[in-house]
Amino acid sequence: MNFPEKVIGSDLDNDGDLDLIYASSDDDLIEVLINSDSQGSFTTITGGSGISGASDVAIADLDGDGLKDIITSSPNTREAFWFRNTGNGSFSSSNNLGSSSTSIDRVVATDMDGNGRLDVAYRSNSSSQIGLFRNFTINPLQITRLDAGSNNIIRVNQGFSLFFNSSNGINSIPNFTDFFSGAITITTRTGESLPVGDLSISGNELLVENMSFYALDTLSVEVSSQVVSDNSGGQYFIDTDDDGQQTSSDDVFASQDFYTTMIGDFTADFEVNLTDLVSFGNGWRSDNFSFETGPLDFSSSSFPYARLAPDNNFNVDDIVAFIRYWNLTQERNKAAKANSFASLRKSFNGTNTTARTTSRQTNGRNELDGTSDINKTATGPSSASKELMDEIFADSLTFISYKKVETQAEYVTNPSQAKREVTYDFSLSHPDSVEGLSLIIDYDEDKLTLEGVEDRGLFDIHSENANVFLSHADTANGILTLNIANFGTLSSITDRDMVSVTFSALSDEDSEMVISSD
C-alpha cells in the first residue's frame with residue numbers, strides 16, 4: 001500500500017460485515033480488503049486500476065442492482081470513474097463518468113434531483129469548484145430474441161418484435177421508444193437501410209410496427225451497442241455478451257435473417273391462394289384495411305419486389321395487385337401441381353386408391369361427361385365410377401355440377417378436318433353462405449386444347465361486381481386453376497352458373513380429366 005489517500009468501510013459482498021476500501025494515489029488504483037471471517041482476516045482484491053493519482057473513493061449502488069459499486073476520481077486526468085460490482089468478488093473495468101476543466105479531487109454519490117437515481121457530485125481543490133455528473137448510470141440492456149412471425153416469415157406491413165431481458169424493465173424507462181429508434185438498423189437483401197417506423201412497448205417486448213417492406217425480401221435487424229441517452233440523463237447500451245459491462249465485445253446485436261412474403265398472402269405461406277382470396281373478400285366487405293393489397297409502390301423496385309402503399313380505400317388497385325401475386329403463385333406452383341395430378345391419375349389407373357379428400361376423377365379413361373366420345377350428350381360419371389369416387393372422396397364435389405352445353409356442329413358433318421369443340425358449364429348449389437371456392441381441372445393436354453374460359457358471375461346475385469374471378473391456365477401441363485370469391489352479400493347458392501370452359505380436340509379418342517375443389 002503506497003500513499004493511501006482515503007480509507008472507508010462498507011459491506012461490498014453483502015455478508016453482513018464491513019470490508020475496507022482505499023484509494024492509492026501512488027499506485028493509481030483502488031484496493032479492496034474483503035473481510036473473510038469477521039475475525040480480522042482479509043482477502044485483497046483490486047477494485048479498480050489505471051486511475052492516475054487516485055485521490056478519493058466513494059461507495060454506492062449506482063445501477064440499482066443491490067450491490068455497492070466503487071466511485072473514484074483522478075485529479076491528474078480531471079475525470080471520475082465507476083467500477084461496477086459484478087457480485088462474484090470482482091469489479092468491472094472502468095466506466096468514465098465524465099471530465100472537468102479542473103481537477104476532480106473528491107466525489108460523493110447522492111440523488112440531487114429526487115428522481116431515484118444517484119448522481120455524482122465532485123469538488124476541485126485547485127479551483128474550489130463543485131460540479132455534478134447527473135444521472136450518469138450506463139444501464140445494460142439485453143435483447144433475448146427477435147420475433148418475426150412464424151418461421152421468420154412476415155407480411156410486408158406486419159412489423160416485428162424485439163424481446164428484452166425481463167430485468168431491463170424497458171416499459172419503465174422514460175422516452176424509450178423515442179431515443180432507442182436511432183439504435184436500430186433494418187437492412188434489405190440489396191443492402192438498403194429501411195426506416196424503422198413506429199415503436200411501442202408491451203411488457204418487455206419492443207414492437208416495430210406499421211412497416212412497409214418490399215415483398216419477397218430478405219431482412220436483418222441490427223441494434224448498435226453504442227450508448228444512447230434518454231431525456232432525463234439516463235444512458236443505456238446493448239449488452240450482447242450479458243456481462244453487465246460495456247466492452248469491445250459488445251459490438252452490435254444482429255438478428256437472424258427473416259423474410260417477407262407476397263402481397264396478398266395473408267397466411268404468410270409464400271402463396272396467394274383461395275384462403276387469401278376469401279380473407280381479402282372479407283376484409284373488403286367489412287372495410288378492414290389491414291387486408292389492403294394496393295396500391296403498389298414501384299418507385300425503387302420492380303415486380304415482384306413491390307412495396308405496399310395503403311390508402312385506406314378498397315378499389316381496383318387492390319384487385320389488380322392481388323391478381324398479379326395470385327398469378328405469380330400459379331406460375332411458381334405449376335410444376336408441383338402437374339406432378340401432383342400426374343400421381344393422382346396414376347393412382348386411379350393402378351391399384352392405389354388411397355383417399356384424397358380434395359380431388360375426384362371420372363374413373364380413369366372415361367371422360368368428364370362419362371362417355372368415350374366428346375360429342376355425345378353429357379350424362380355425368382358412370383354409376384360404377386361414381387360409386388367408387390364417392391367411396392374414395394367422400395362427396396368432395398357434392399355441390400358442384402357440370403354439363404355439356406354446346407358442341408361445334410362441324411364435328412359431326414366434317415370430322416376429319418374440323419376442330420371438335422365442346423363447352424362445359426359448371427354450376428354450384430350450396431345450402432350455406434359461400435365466401436369463395438377453388439376449382440382445378442387437369443385435362444389431357446395431348447388430346448385437348450383449352451380454347452376459352454368465361455366467368456358467369458357466380459356471386460353477382462345481390463349486387464353488381466361482387467364476383468371476383470381469377471383464372472390461370474398451364475397449357476403445357478393441361479391444368480386450369482380457377483378461384484372465385486364473393487365480395488358482396490353472403491348467401492346460399494341454388495343452381496347458379498360458375499364458369500364455362502371450352503376445349504377443342506383434333507382426335508375422337510378418349511380424353512381424361514381430374515377435378516379438385518375447395
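View 1. E454 is partly exposed, at 46% relative accessibility. Partly exposed lies between buried (under 20% relative accessible area) and exposed (over 50%), with a 1.4 Å probe and protein chains only. The model is predicted: local features need pLDDT of at least 70, side-chain atom pairs count only at pLDDT 80 or more, and totals for chains, interfaces and linings use all residues. Residues are numbered from 1 along each chain as its sequence is written, and side-chain values use heavy atoms, leaving out hydrogens and water. E454 sits in strand β31, residues 449-455. Strands (E, at least two residues) and helices (H or I, at least four) are DSSP runs, numbered from the N terminus.

View 2. Most peptide bonds are trans. The bond from G294 to P295 is cis, with omega near 0°. P295 lies in the loop between α2 (274-286) and β25 (296-297). F303 and P304 are also joined by a cis peptide bond, with omega about 10°. P304 belongs to the loop between β25 and β26 (307-308).

**View 3. D28, a loop residue with positive phi.** Most residues other than glycine have a negative phi. D28 is not a glycine, yet its phi is positive, about 55°. Its loop runs between β2 (19-24) and β3 (29-35). D28 is partly exposed, with a relative accessible area of 27%.

View 4. Phi of F270 is near 65°, a positive value in a residue other than glycine. The loop that holds F270 lies between β24 (258-260) and α2. F270 counts as partly exposed, at 32% relative accessibility.

**View 5. The whole protein chain.** The chain has five helices and 35 strands. Of its 518 residues, 48% count as buried. Contacts are heavy atoms within 4.5 Å. Among contacts with a separation of 6 or more, 60% come from residues 24 or more positions apart. The chain exposes about 23300 Å², and carbon and sulfur atoms supply 43% of it. Accessible areas come from the Shrake-Rupley method with a 1.4 Å probe; for residues, only the protein chains shown count as cover.
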